[in-house]
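Thanks, everyone. Please look at the model first.

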Amino acid sequence: MAQYETHTPAELPELIRHYIDGEFVDSADGTTFDVINPVTNETYIQASAGQKEDVDRAVQVAKRTFQEGSWSQALPRERSKVLHRIADLVETRGDRLAELESFDTGLPITQALGQARRAAENFRFFADLIVAIADDTYKVPGRQINYVNRKPIGVAGLITPWNTPFMLESWKLGPALATGNSVVLKPAEFTPLSAGLWAGIFEEAGLPRGVFNLVNGIGEEAGDALVKHPEVPLISFTGESSTGQLIFANSAPYLKGLSMELGGKSPAIVFADADLEAAINATIFGVFSLNGERCTAGSRILVERSIYDEFVERYAAQAKRVKVGLPHEPTTEVGALVHPEHFEKVMSYVEKGKSEGRLVAGGDRPEGYETGNFITPTVFADVAPDASIFQEEIFGPVVAITPFDTEDEALELANNTKYGLAAYVWTNDLKRSHNFAQAVEAGMVWLNSNNVRDLRTPFGGVKASGLGHEGGYRSIDFYTDQQAIHINLGEVHNPVFGKAD
Ligand code: NAD
């Protein structure tokens, strides 16, 4: 038995089931898998384990609804109204949503609430965008008018990770639905609980039945079947880089449209002229929020040597004050990692780190938390660039700090991993900040700021961190086909072959 009084949300379903054609259903062969409470590591529920047959059923329903056209051909204003209602419902149900999410993932409740608000905002954003979109028209005076006919593609396969499940699902569902596609969502198997809420929300908001379908299951089974389904032309995937590589290969025979948001090992670079207090607060938050299970975590901090010792000392002291606790407690800043397998992975890096760097904070279980996936915020200083904790994504509350002497060296260190998702630059030198930001190999850069998103900007990584960018109208581009239509306005303009004499 676990030692904790865990908070179990009321009215949990008996089984987490698929949602296909407007109904909750079991897997055709009845198989299920265990879902674990990260605070106790006890199985708290079973979820239906979707197989090829279940995925095929969901795809056929999605395809049929797409062809029927009640959603795919609806006016943008009609779709926009439904999306706004979805956003309203997500907002109204924010507390419940956050409660389920925090329970299932181990994320602190206050941060789960923030993610619920972001999920609503994602829908509102695409509800607004879809009625404001302008497509290109080109005129060739006296000869042609050519225009872009943007149309939804068909069945979009959405495969999502466990770190902020509901929010990341909204990130894909919003634009996929706004543009008129039908969808099959495959949520992460560690955290399938909150995805079921979409069914009720969509139904109440007026999304036609069969447009949204959900198949739970293991990646190698349900996810794989979705990727290899010939009638799913689009796959939007967020997850690990190695899974992304496999999905890329498995999609190749079908030439699918792919969007990949993958792993990261993002640097935060702190120059001596930076506002040190702000930089410390931001870099603490940047790696310890969301339990460090954050793709854009600033998990490598590069600090100019003249302020290095002071930075490390202050940073370690503050990291020790970060409050680890039960996920449902409002004062908790770091909760429980999602799953014992992930906990073991993070702990194995902590052990490696002890010989690769100088441990200045954390490195063990917090006192009083002898079971469950709890770890103290862990800080290693003096980490060499070839160390595994500098190079590899840990995806937990663990940070590596490394000194640098010159701007060139800082840039070289920043770019010295296979990843390229985000970078955070702290300096008050205007020229340097822009030049550094433009040279760093990262899809997204923040100057003197934490990760504060503007939903209009592109989101995505370079190198092993991703393929393609979503966000704003780039998401609209991914989920639509831009057909070029050419209209002749003048003489028919071509040489005549086979002309009569
Ligand atoms: P993961 O790759 O293990 O799993 C992600 C999803 O893919 C899950 O739903 C899983 O079931 C499915 N999957 C696994 N194998 C599959 C296969 N062979 N075919 C089809 N689907 C398959 O990732 P995770 O551990 O759930 O998530 C953590 C990772 O996600 C980290 O690397 C993190 O950086 C990344 N991430 C990236 C972003 C971003 O926007 N760049 C955002 C959040 C998380």
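I start with the charged contact. Between domain 1 and domain 2 the count is 1 salt bridge. Its partners are glutamate 441 and lysine 463, with the closest N and O atoms 2.6 Å apart. Bear in mind that this is a predicted model, and that the distance of 2.6 Å is computed from it.

For the assignment, domain 1 covers 15-262 + 461-484, and domain 2 covers 267-447. Taken over C-alpha atoms, the centres of the two domains are 31 Å apart. Domain 1 puts 28 residues into the contact, and domain 2 puts in 37 residues.

Now the area. The size of an interface is often quoted as the accessible area lost when the parts come together. Here domain 1 and domain 2 bury about 2,400 Å² between them. Carbon and sulfur atoms account for 60% of that.

How many residue pairs are in polar contact between domain 1 and domain 2? The count is 15, with both residues at pLDDT 80 or more.

H4 gives the most, with 4 residues. By residue class, that side of domain 1 divides into 11 nonpolar, 14 polar and 3 charged.

To close, the two numbers to keep together are 1 salt bridge and 15 residue pairs in polar contact.

How values were computed: Residues are numbered from 1 along each chain as its sequence is written. This is a predicted model: local features need pLDDT of at least 70, side-chain atom pairs count only at pLDDT 80 or more; totals for chains, interfaces and linings use all residues. Side-chain values use heavy atoms; hydrogens and water are left out. Domain bounds come from an automatic or database domain assignment. Contact means heavy atoms within 4.5 Å. Buried area is the accessible area (1.4 Å probe) that two parts lose on being put together, summed over both. A salt bridge is a side-chain nitrogen of Lys or Arg within 4 Å of a carboxyl oxygen of Asp or Glu. A polar contact is a pair of N or O atoms within 3.5 Å; within protein, one must be able to donate a hydrogen and the other to accept it, and residues adjacent in sequence count only if both atoms are side-chain atoms. Helices (H or I, at least four residues) and strands (E, at least two) are DSSP runs, numbered from the N terminus. Ala, Val, Leu, Ile, Met, Phe, Trp, Tyr, Cys and Pro count as nonpolar, Asp, Glu, Lys and Arg as charged, and the others, Gly among them, as polar.
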